[in-house]
Protein chains: 2
Amino acid sequence: MAEGKKHRLGFDLGATKMLCAVMDKNYQISVRNKENSSKGDDEETAYKNIVGCITKTMDKAEKKPGDFAGIGIAVPGPIKREEGIISETPNLGFKNFPLKKKLEKEFNLRVCLENDVNAGIYGEFKKGAARSFKHVVGIFPGTGVGGGLILNGRLYRGADGGAGEIGHMIIQVDGRLCGCGQYGCLEAMASKTALAKDAVFLAAKGASPYIFEKGGTDFNKIKSGMLYKAVKAGEKEVKRIIDRSAYYLGIGMANCVNLFNPEIIVLGGGLVEKFGSPYVNKAEKSMKEHAMPYLVKKVVVHEAELGDDAVIIGAAALLDDSADE
Amino acid sequence: MAEGKKHRLGFDLGATKMLCAVMDKNYQISVRNKENSSKGDDEETAYKNIVGCITKTMDKAEKKPGDFAGIGIAVPGPIKREEGIISETPNLGFKNFPLKKKLEKEFNLRVCLENDVNAGIYGEFKKGAARSFKHVVGIFPGTGVGGGLILNGRLYRGADGGAGEIGHMIIQVDGRLCGCGQYGCLEAMASKTALAKDAVFLAAKGASPYIFEKGGTDFNKIKSGMLYKAVKAGEKEVKRIIDRSAYYLGIGMANCVNLFNPEIIVLGGGLVEKFGSPYVNKAEKSMKEHAMPYLVKKVVVHEAELGDDAVIIGAAALLDDSADE
């Protein structure tokens, strides 16, 4: 099914930005186009913006639809992959929207929908940090904690496309409250959101003058960058909560080692991007302390390499590879 | 590779018993033979006992080695599957023992080695509780908590054959001490061993006269049957710890739902056999409380159906199916 000579279009429909790119059959990107996502618009307007972004990308690359093998689209939130329907998007207003069918008709091209976290880990598997591995766990701590799985060299989606909810693995019975309503999920223990809870507390009790100055005690104002700068400013209590997040992340990684016996764990997401290798090293140390020794000894931990490109590359690659399934 | 018309031999090398059976190409068992395992013997004696058990089973079935497509063997503890080496067995004295090669030479038959938990879930997948499903999680709480995974219709082993250590998923950071040395593993929270810790405590403080009478306060004397009878005798504190075990098991199940998005979870093992559907129902209730609603709503929970036969059937079936890999 690899229509060898043609180009591919990868599209990342984010909550705030749309990223569209033209790439060759080896997923080398030649042209990128980034635009703001619709917000608060109706479905039809949001859809037209997607079409506009794709058309502009093709124009920028001086290509016509006929030059492409298809379009791989990554979307946030749940999808019905085979039907190509966006079930729901948190911020974009889509609800049971048949994006695949509409775009196929619009451009007369094959269109493939995928969840953005799955596309991201698939991109890292094809061209990034995990490119020489067959068994890959991707964990992306940011506002939430996303997860994606490559098992036996294929994206693992489970029975209904929902596998890999690593962030909602409970690591602490009756632990901290999670956005999903449970207590003690990895996300509730290690995400930026979890840190924000502690950060406003530290600000309120006078343990983080930096955060208090920049964000006050308003939970909504806490950003990863603010936490990073507080640590840089020498605030030890803030450093402690970051270290604790890495420690919990390592326990989640250890559980994944024991369950999936992977060769590599790829870490990405906002916290990893902001806090870099010291954070990753702490998480890896905790992973080694908590996993079964014979399973963890060969596991490699790598930061994601492709940044924003991971999702568009993965979406485009899945356009080719999902045909095998 | 399915040598269609021949018989298969399935062999379960247990810590206390060896079970060997003759089955047809549909894994219908015609003859069974059960013998005591060697204990404290040297490797060669233990090996001769295995050969003797297989030979006796063939004799009992009035078959010769040439009537068989091969022998599927399930062993406890870690193996090197491709080389067919038993790395180590807790009670049987084998250490880096090339069982596959020796048996192949002995009987001039193809021999396939598998971990016993993997063989068990594979048996349930081929002929038992999970036979019409493609995505299956098996959890077996007994002395430990074993786990096995069928993903996309195939046994999932991971990079080094060690995947599926569901019992060593940490569900409670700094929780109860586990046999593996960690704290808060599912096994440490839900297994018979976890219950035994609480049972001796209840016996010591006078909250379980039944256990005190039958086993005193000796941890080593606590059996599942004793716990069962204490509950039957109306001991509420013992019932509470059993219910708590099911609750924790349900959290482990919920984590598996979120990670693997399975269609079915098969529960087996000593605790499930002893406490039956009330225990399974409590675990299922807890699973539903703790998993993501959209992932758990279609998940079926079933007790294992095949009992001791699961392992021998799975071992024999993997003899055929592992040829595809």
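Predicted model: local features only at pLDDT ≥ 70, side-chain atom pairs only at ≥ 80, totals over all residues.

Colleague: What span should the 25 residues of helix H8 of chain A have?

Modeller: Take 1.5 Å times one less than the number of residues. For H8 (residues 236-260) of chain A that gives 36 Å, and the end C-alpha atoms are 36 Å apart, which agrees.

Colleague: Which residue comes just after H8(A), and what is its phi?

Modeller: Asn261(A) does, with a positive phi of about 45 degrees.

Colleague: Now chain B. Is Asn118(B) buried or exposed?

Modeller: The cut-off for buried is under 20% relative accessible area. Asn118(B) has 4% relative accessibility, so this residue counts as buried. Asn118(B) sits in helix H3 (residues 116-127) of chain B.

Colleague: What does Asn118(B) touch, leaving aside neighbours within four places in sequence?

Modeller: Gly147(B), Gly148(B), Leu155(B) and Arg157(B). Separately, the side chain of Asn118(B) makes a polar contact of 3.1 Å with the side chain of Glu114(B).

Colleague: And Asn36(B): buried or exposed?

Modeller: Exposed means over 50%. Asn36(B) has a relative accessible area of 51%, so Asn36(B) is exposed. Its place is in strand E3 (residues 29-36) of chain B.

Colleague: Which residues is Asn36(B) in contact with, beyond neighbours within four places in sequence?

Modeller: Thr16(B), Lys17(B) and Met18(B). With Lys17(B), there is a side-chain to side-chain polar contact of 2.9 Å.

Colleague: How far apart are Asn36(B) and Arg81(B)?

Modeller: They are 45 residues apart in sequence, and 24 Å apart in space, C-alpha to C-alpha.

Key. Residues numbered from 1 in each chain as written. Chains lettered and ligands numbered in written order. Heavy atoms only, no water. Helix = DSSP H or I, 4+ residues; strand = E, 2+ residues; numbered from the N terminus. Buried < 20%, exposed > 50% of the residue type's maximum accessible area, 1.4 Å probe, protein only. Polar contact = N/O pair within 3.5 Å; in protein donor to acceptor, adjacent residues only side chain to side chain. Contact = heavy atoms within 4.5 Å.
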